[in-house]
Amino acid sequence: MESEGLCTLEKRGNIFLLILTGTGDHRLHPNLIDSISAALRRVRSDSTSSSSALITTAQGKYFSNGYDLKWALVDNARQKLMSRKLRCLVSDLITLPMPTIAAVTGHASAAGFVFALCHDYILMRKDRGFLYMSELDIGFPIPTWFSALVKCRMGSPAVRREVVMKAAKVTAEMGVEMGFVDSAHSGAEETVEAAIKLSEELVSRNWDGKTYAACRKTLFVELLNSLGSDETVGDYGDEDANKTLAKL
C-alpha cells in the first residue's frame, strides 16, 4: 500500500484500490485532487496496467461532499485553480487505460457526484448515502463541462431534469432505476466486495488498455472537448489559467 497523505493506493493482483482516507467529508480541495492525481499517475505508469482495473472508494460517511467552497470562495483565483485541477483529474480518469469503478459508500454531492460519474461503473450502498447535484439548492450554476458529463452518463432527459433541475437526492435504488448506478448493496463492505468481483470479471477479459481508453474517449468526446474552460469561474482557457496560477 502506498499513501499520498489524503488517499492510499493498494494493488491486489491486477486491481488497484484507491481509497480516500479519514472520516471527513473528502472535500475536493486542491491538495486532495493532487493526491488522487498522483495516485492515478502511479496506476498509469504500472507496467501491467493494460490488463487492470481501478476501484475508487472512501472511508467514513462521505464519498466526497464536493468542492472545498470555504477555501475557494476567498477569491476568484482559488476558484479557477480548483476548477482547473478537477478538470485535469476528470481528463485523467476518462483517458485511463483500464475499466474504472466508483464504490460509493457514502454521500457524493456536487463535484463529488461528478467525480463518481467519471468512472465507468458506479456501485453504491443502499443503507446510507445519496448522490446529489446540489448546485441549484445552493445557488451555483453548473458549468458546461458538468452538463456534458451528465449527458454522457444519463441518457434520459427526464432523469437529467430530476438530477439537475430538481436537485434530487438519489439513493442507490433510485440510481439503479434511473440507469446510471449499476448496482445497490447492503453496506459499505458489501459494496467494495461487489466492486472487486466486477473488477475481476473485467480484468479477465484481458482487453488492451489503450484500446479501452480510446473507446471511452470517443464516448466522452463532448466532455473532453469542454474541459478546457469553466465559464462559471471565468476561466476561458490556457492563457487565463496561466494568469491565475501566477497570482498564487
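**Entry 1: a hairpin**

I began with the hairpin of S2 and S3, which has two residues between its strands and in which Gly13 takes a positive phi near 65°. I use DSSP runs for the elements: helices are H or I runs of at least four residues, strands are E runs of at least two, and both are numbered from the N terminus. Two strands pair if DSSP finds at least two bridges between them. By that rule strand S2 (residues 7-12) and S3 pair in the antiparallel sense over six bridges. Leu9 has Leu18, in S3, as its bridge partner.

**Entry 2: what kind of model this is**

I noted that this is a predicted model, in which local features need pLDDT of at least 70 and side-chain atom pairs count only at pLDDT 80 or more, while totals for chains, interfaces and linings use all residues. Residues are numbered from 1 along each chain as its sequence is written, and side-chain values use heavy atoms, with hydrogens and water left out.

I then looked up the confidence. pLDDT is the predictor's confidence in each residue, from 0 to 100. The protein chain averages 93, and 92% of the residues score at least 70. Over residues 244-248 pLDDT stays under 50, and the model has six contacts for them beyond four places in sequence; contact means heavy atoms within 4.5 Å. Where pLDDT is low, the predicted coordinates should not be read in detail.

Are the residues of S3 buried or exposed? I found six of its six residues buried, that is, under 20% relative accessible area; exposed is over 50% and partly exposed lies in between, with a 1.4 Å probe and protein chains only. In a regular strand the side chains alternate between the two faces of the sheet. Both faces of S3 are covered: Ile15, Leu17 and Ile19 are buried on one side, and Phe16, Leu18 and Leu20 on the other.

How do S3 and S4 run, and how many bridges join them? Strand S3 (residues 15-20) and S4 run parallel and are joined by six bridges. I located two of the facing pairs: Leu18 stands opposite Thr56 in S4, and Ile19 stands opposite Thr57 in S4.

Strand S4 (residues 53-58) is also mostly covered, with six of its six residues buried. Ala53, Ile55 and Thr57 lie on one side and Leu54, Thr56 and Ala58 on the other, all buried. S4 also pairs with strand S6 (residues 100-104), in the parallel sense and over three bridges. There, Leu54 has Thr100 of S6 as its bridge partner.

**Entry 3: an open sheet**

I next traced an open sheet of four strands, ordered S5-S7-S9-S10, with mixed pairing. Its edge strands are S5 (62-64) and S10 (169-170), each of which pairs on one side only. S5 and strand S7 (residues 107-109) pair in the parallel sense over two bridges, and Tyr62 has His107, in S7, as its bridge partner.

**Entry 4: the largest pocket**

For pockets I used a 1 Å grid over the protein atoms alone: a cavity is a set of points where a 1.4 Å probe fits but cannot get out, a pocket is an open set with protein on both sides within 12 Å along at least five of seven lines, and lining residues have an atom within 4 Å of a point. Grid points are joined across faces, edges and corners, and a volume is the space filled by probe spheres set on the points.

The largest pocket holds about 420 Å³ of space. Of its 26 lining residues, Tyr67, Leu69, Glu135, Ile138 and Phe140 lie nearest its centre. Helix H2 (69-72), helix H3 (76-94), S7 and helix H5 (135-138) each supply at least two lining residues, and H3 gives the largest share, three residues. By class, the lining has 15 nonpolar, eight polar and three charged residues. Ala, Val, Leu, Ile, Met, Phe, Trp, Tyr, Cys and Pro count as nonpolar, Asp, Glu, Lys and Arg as charged, and the others, Gly among them, as polar.

**Entry 5: two loop residues**

I looked up Phe140, which sits in the loop between H5 and helix H6 (144-153). Phe140 has a relative accessible area of 34%, so it is partly exposed. Leaving aside neighbours within four places in sequence, Phe140 is in contact with Leu69, Leu73 and Glu135.

Asp182 lies in the loop between helix H8 (172-178) and strand S11 (183-185). Its relative accessible area is 41%, so Asp182 is partly exposed.
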